[in-house]
Amino acid sequence: MRRMGKMGNLRGGGKGSARSAGSRSTGASGKPAMARGGGAKGGTGGARRAEVVGAQLLLPADLRWNCPPLRPSGKAPTAEFLLGQDRPMAALRTGLSIHAAGYNLFVSGLIGSGRTAVVEMLLRDIQPVCRRVPDRVFVHNFAEPNRPVLVSLPAGRAVAFRDELQDLGRGLHTALQAALRSRPHRMSRRVVRRASAGRERRIMEALQRQAQKQGCSLVRFHAQNGASTADIYPVVEGEPITLDALSALVIEGKLREAEKDRLLRHRDQLLERLDEVNERIQEEQARIDGELRAMDRQLAWKVLRAHQKEFVKRWPQPEVADWLDAAGEFVERHLSQFVALELDLDEETKGEDEKPEQERDNQPKFVEFQAKIVKTSVTDACPVVIETNPTFGNLFGTVTPPTDGTPPGPQHIHPGSLLRAEGGYLVLRCLDVLRENGVWPHLKRTLQTGKLEIREFDQGAAAQTGALQPAAIPLDIKVLLIGEPGVYETLAAEDAQFPQIFKIHAEFDSTIAVEPKNLTRYADYLQWLVDTEKLRPMHGTAMAAIAEYGARAAGRRDRLITRYSELGDVAREAAHLCEQAGARKVLREHVEQAITMQRQRHDLPQELTERDYAAGYMRLSTAGDVVGQINALTVLNTGTIEFGRPCRITCNSGVSVPQRSGLVNIEGLVNLSGPIHDKGVMILEGFLLQEVGNDGPLCMQATICFEQLYNGVEGDSASLAQLLALLSSISGVPLKQVLAITGSVNQKGEVQAVAGVNEKIEGFFRLCRARQLSGRQGVVLPRANVGDLMLDHEVLDAVRKGEFAVYSVGSVADALALFTDMPAHEVLQRVRETLCRFRQIAMGE
């Protein structure tokens with residue numbers, strides 16, 4: 001009522017993807033209860049066995065599976081042993097053994113918080129063969145600095161390569177500096193420079209003699225920075241003077257104007273000659289500089305070859321040799337920068353203490369001779385990487401821009417989990433991958449091409465960005481995606497490439513059969529948990545109680561869940577209660593108390609619902625007989641707990657013209673029901689057509705409603721109850737209110753299995769107990785669901801005492817007879833008679 005809108009979705013069906021609709025095929029529901037002929041006989045042990053036509057009254061033994069005490073085998077359990085499923089294990093072995101494109105694995109069905117750990121355990125147990133992959137390092141690209149070069153090395157050798165490469169850079173610097181500053185080389189340079197200086201001096205002396213002959217003089221000026229310039233000055237009385245001084249002498253009358261003009265004319269001629277001389281000197285200087293550089297490069301080349309020869313012997317990879325050639329050319333072209341040659345090599349060698357402070361501080365940086373390791377193998381173990389946070393950077397790697405504004409280089413490349421897992425296995429949760437922006441399409445492309453590109457990633461644009469573009473890395477890896485049941489099929493339907501990338505689908509069943517070897521699996525796991533976590537020892541009956549919990553959680557008493565993490569939680573809490581009680585061993589009562597406490601932590605919505613029934617806010621009868629009214633059983637799911645909620649269904653019927661005849665689903669009209677529920681209502685009309693359709697048009701309109709339902713209903717497990725209410729309304733035969741019913745029905749009148757029967761029965765039992773059990777109250781369920789029953793002990797106790805009953809039916813006729821205490825054919829005959837009367841009224845007969 002007032003709280004129902006906050007409790008979750010009311011479902012006529014039950015939990016699980018295969019049963020979300022509330023019904024399932026009887027072929028998958030297990031064997032029905034033992035046949036009892038035409039009815040039930042008097043029983044033993046206090047159980048009430050009434051004579052019921054067409055229905056079966058279930059014994060306490062039919063209502064719950066009781067597990068015998070368990071005993072562990074003494075062997076440490078493996079993940080393969082615990083799961084106990086051959087088909088998915090064979091798929092896993094196939095996918096792990098074939099090293100070819102597309103043989104990645106999708107693992108589904110391992111529901112529970114520990115499934116990633118289970119996959120890791122499976123990989124350890126199977127011990128697949130891994131191919132040893134080379135180490136990967138990035139080095140500077142001398143031709144294109146924004147595209148670092150990838151070097152592949154023998155496995156486990158990346159660290160040695162990095163260290164030796166740094167040593168090579170330092171060794172080259174020391175050797176080049178020593179060779180270039182050696183006395184023979186400096187003397188050779190000095191000889192070349194002196195020869196050039198002599199030629200320059202002779203040229204300038206010739207120009208000076210020519211200037212003297214023409215009454216001028218060549219004057220040279222030397223700046224503090226070492227640069228020199230020259231100019232032509234007129235000579236008067238043996239002294240060169242400036243042009244201003246020359247003009248002043250003319251004004252003072254000390255020099256004739258004609259003499260001045262002659263001197264200036266000669267000066268202009270000499271200036272032209274000086275320009276020619278300067279050009280010759282510059283050409284000579286350029287030639288000398290080139291000759292000196294050639295001498296330095298020739299000497300450097302010899303030093304480089306000597307060092308590279310030794311390095312290539314230790315690292316014979318072709319890409320290493322190619323990179324060393326490019327490095328040698330770079331060092332030759334930038335020799336002074338590499339060895340920081342600011343001193344004049346023509347001067348005598350100075351002592352270290354005599355070197356300028358600026359020179360000592362200007363030491364080179366060997367950035368170009370550094371290697372960034374992005375993949376290395378330190379052991380032969382097969383890498384298994386579990387990425388719990390697959391962001392783009394964590395998965396593919398990233399490039400972090402430098403904070404000082406310098407261009408990024410190989411040292412700013414950071415690998416991701418894909419590269420760490422190369423040669424082995426990367427385990428990802430499918431939902432995590434799909435949630436991260438841009439990760440899924442890039443992961444598909446990487447697995448398709450077999451090449452990994454490490455880039456910066458723009459989250460907003462969901463695209464790779466950045467100036468640094470390292471070379472693509474060949475990738476040898478298998479990816480294991482862990483997904484929910486049905487996700488593989490959904491992705492395959494939406495993306496045709498997906499099955500080609502993940503060719504192996506290992507689909508685990510979430511349950512295993514109740515059989516001795518599987519019960520031993522449970523016992524071995526619980527014993528391993530006790531030993532590993534130092535819990536109190538567990539008695540065999542406690543292990544049996546946990547097995548019964550596994551059967552209840554599986555939804556069938558002949559199946560056990562494989563969610564071992566959930567079983568472990570129950571065992572831990574039971575051990576905690578045992579310790580609090582001061583007991584030496586965990587017993588059955590500790591396990592049952594732990595299960596009860598687990599449920600109590602989440603059952604406030606259930607308590608509020610039952611409080612509404614007790615206060616009279618929710619109307620539901622548990623006594624008497626009423627026409628067109630029945631107690632249906634539904635399941636309320638709050639997200640953390642599922643519990644049964646009885647609900648009243650009513651039906652009214654009356655005369656209608658053929659054009660408006662039919663069933664009116666009130667929930668459907670107001671959009672409070674789902675499509676499966678609507679389908680179930682339509683099936684009711686199909687049943688009527690089968691029974692009375694040949695008599696003529698129905699000429700009837702009936703309204704069917706879930707009373708006091710405000711938050712929606714889905715599933716068809718109430719269709720049997722709706723059909724009984726409809727037949728009661730038409731025939732006028734009352735239905736027992738002491739009973740509640742669940743079940744799906746088809747057009748042929750066959751009752752079909754539904755889900756959540758345990759929760760539904762217990763929900764109605766609690767309501768009846770709160771109103772005091774009368775001994776006539778009970779629940780009716782499909783016969784195909786008898787194998788699902790794992791009811792609480794309190795329900796079993798009431799059944800043993802004859803205070804409550806559980807019936808199974810296989811057809812509408814069985815249920816109709818049970819609810820009306822009349823043979824079904826008599827009720828149906830009254831339906832025909834009523835519809836015939838409706839038809840006569842509608843036709844005006």
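Modeller: First, a definition: buried means under 20% relative accessible area, exposed means over 50%, and partly exposed lies in between (1.4 Å probe, protein chains only). R832, at 27% relative accessibility, is therefore partly exposed. This is a predicted model, in which local features need pLDDT of at least 70, side-chain atom pairs count only at pLDDT 80 or more, and totals for chains, interfaces and linings use all residues. Residues are numbered from 1 along each chain as its sequence is written, and side-chain values use heavy atoms, without hydrogens and water.

R832 forms a salt bridge with E691 (3.8 Å, N to O). The term means a side-chain nitrogen of Lys or Arg within 4 Å of a carboxyl oxygen of Asp or Glu. This pair links distant parts of the chain: R832 is in helix α29 (residues 824–843), E691 in helix α24 (residues 675–692), 141 residues apart. Helices (H or I, at least four residues) and strands (E, at least two) are DSSP runs, numbered from the N terminus. E691 is partly exposed too, at 23%.

D509 and R559 make another salt bridge, at 3.2 Å, N to O. They also connect distant parts of the chain, 50 residues apart: D509 lies in the loop between β20 (504–507) and β21 (511–513), R559 in strand β22 (residues 559–561). D509 has a relative accessible area of 33%; R559 has 23%.

R170 and D167 pair at 3.5 Å, N to O. Both belong to helix α5 (residues 158–180), three residues apart, about one turn.

R64, E548, R588 and E592 join in a network of salt bridges. The whole structure holds 40 salt bridges.
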